[in-house]
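Open the structure in your viewer and keep the selection tool at hand. The stops below go from one selection to the next.

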Amino acid sequence: ELSVVSYLRDHVAPLLVGTDPHRIEDTWQLLYRGAYWRRGPVTMAAIAAVDVALWDIKAKVAGLPLYQLLGGASRDRVRTYGHANGADLPELFDSVRARLAEGYTAGRIQTGVPGLKTVYGVHQGTAIAEADGVAGAPRLDQTARPVVEDWDTRAYLRHIPTVFEAVRNEFGPEIPLLHDAHHRLTPIEAARLGKSLEPYDLFWLEDCTPAENQDALRLVREHTTTPLAIGEVFNTVFDYQTLVGEQLIDYVRSAVTHFGGVSPLRKLFDYAAQHNIKSAIHGPEDISPVGMAAAIHLDLAIHNFGIQEYSGYTDRTHEVFQHAFTFTDGHLHPGEAAGIGVELDEEMAAGHPYAPAYLPVNRLADGTVHDW
Ligand code: MG
C-alpha cells in the first residue's frame, strides 16, 4: 500500500500538474508507456487511481453518472454474490442463511477442512495479523508478522464435494453457488475438483491454479464442465491473452483498482465478449468504495456482465466514503450522482491512520511454504 502512495505522490502526480484532465486515454498511455518499466501491481494500482479520478472529473463536468458516459445502462441493476463461510457444516449453513436474509441471491461457499486448523475464507477477520493500533502518525510495526495457516490438498479434495452435496440438499438447486480454491491446486488436482463438483452445478470454480501459468487452465478445461473464473491478481490484458483467446475460462475477475482503471478494464471486457466470456469484478472489503463504485458503473454499462462480488463494508468505511451506490435485494446500483458518486471525507479519514497488516501465509504439514 505504501509503495502505491509513493509511486503516486513522488512519480505520477508531478507529471499531471498543468495537464488537461479531459485527455483520459492520452494520460493513461503516458503513465503506462512513458514509465518504460511497465505493469506490476504497484504501477497499475497507481495508474488506476488517476484513471478513475479523470473519469470522475469528466462525468462531473458532463453532469452525468459515469455509466452514462460508458454507453448507458444495459440492465436495471447489478447482481452480486456474498461470502458464506463456516468452520463446519452447521456454521456454514448459518452463514448461508444470514446472507440470504441480507438479500443475497448467490453465494461463495468456503468451509473448514477436517484436520486443518485454518482455511482460506473462514474466520478471515481473526486470521489477518494487525499491528496494535496506536493513535497518531502512521508507522510501520516491525514486529508484526503474518499468521501461518496450514494446508493439505488431499484432505481438501476429499472434503469439498461433500460440502457442496450438503449445501445443495439443504438449500436446493436454484441458488448459484461459487467456490474459491485460491490458487492452491496443480492443474490435474484442479481438474479433479472441477469434475467432482459437476453434480452440484457450480456457478464457477475460482482461481483453481496459481495464476502465473495461463497454460495450466488448458488442462483443467479439457477435463471439466465446471465454469472457471480467474484474474483477481492480474494487472493487464496480457495476463489474459491465452485464457481469453483460447476461451479457457468463463469469467474475468480483475478489479478496476488493480488493472489500471476503468479504461483498460472496459477494453478487457470487450475483448472477453468476443470469446463468450463474462465479467466478474473482484470486490472484497479491501477494494474501497471508490474502486467498488467505478466497478458498479462498468457492471451496469457493459453487455457481457456476469456477476459482481460484494461483501459490504464496515460502518466506519461507509462514513469515510460517502457513496451514491445502493445495495438492495442482493443487487447494486451506482446511483444517479454525477461522476462515480463517491465523496471521501478526508478529515474523517485522517482519524483512521494507516495500520500495516499482512495477509496470512500457508505451510504444509512438513513446513513447506504453499500458495495462500
Ligand atoms: Mg478470490
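Select Glu102 and Arg99. Glu102 forms a salt bridge with Arg99, and their closest N and O atoms are 2.9 Å apart. A salt bridge here is a side-chain nitrogen of Lys or Arg within 4 Å of a carboxyl oxygen of Asp or Glu. Both residues sit in helix H5 (residues 89–102), three residues apart, so about one helical turn separates them. Helices (H or I, at least four residues) and strands (E, at least two) are DSSP runs, numbered from the N terminus. Glu102 is partly exposed, with a relative accessible area of 42%. Buried means under 20% relative accessible area, exposed over 50%, and partly exposed in between (1.4 Å probe, protein chains only).

A note on what is on screen: this is a predicted model, in which local features need pLDDT of at least 70 and side-chain atom pairs count only at pLDDT 80 or more, while totals for chains, interfaces and linings use all residues. Residues are numbered from 1 along each chain as its sequence is written, and side-chain values use heavy atoms, with hydrogens and water left out.

Next, select Arg253 and Glu232. Their side chains meet in a salt bridge, at 3.4 Å from N to O. Arg253 is in the loop between strand E8 (251–252) and helix H11 (262–273), and Glu232 is in the loop between strand E7 (228–230) and helix H10 (241–245), so the pair ties together parts that are 21 residues apart in sequence. Arg253 is buried, with a relative accessible area of 0%, and Glu232 is buried too.

What do the side chains of Glu309 and Arg253 form? They meet in a salt bridge, 3.1 Å from N to O. Glu309 belongs to strand E10 (residues 308–309) and Arg253 to the loop between E8 and H11, so this pair ties together parts 56 residues apart in sequence. Glu309 counts as buried, at 2% relative accessibility.

Glu206, Glu232, Arg253 and Glu309 are linked in a network of salt bridges.

Then select the magnesium ion. Its protein donors are Asp180 (OD), Glu206 (OE) and Glu232 (OE), lying 2.0 to 2.4 Å from it. Donors are N, O and S atoms within 2.8 Å of the metal (3.2 Å for Na, K and Ca); water is not among the atoms, so sites may look incomplete. Along the chain, the donors of the magnesium ion follow the spacing D-x25-E-x25-E. Glu206 is in strand E6 (residues 204–206) and Glu232 in the loop between E7 and H10, 26 residues apart. Both Glu206 and Glu232 are buried.

Finally, show every salt bridge: a search of the whole structure finds 18.
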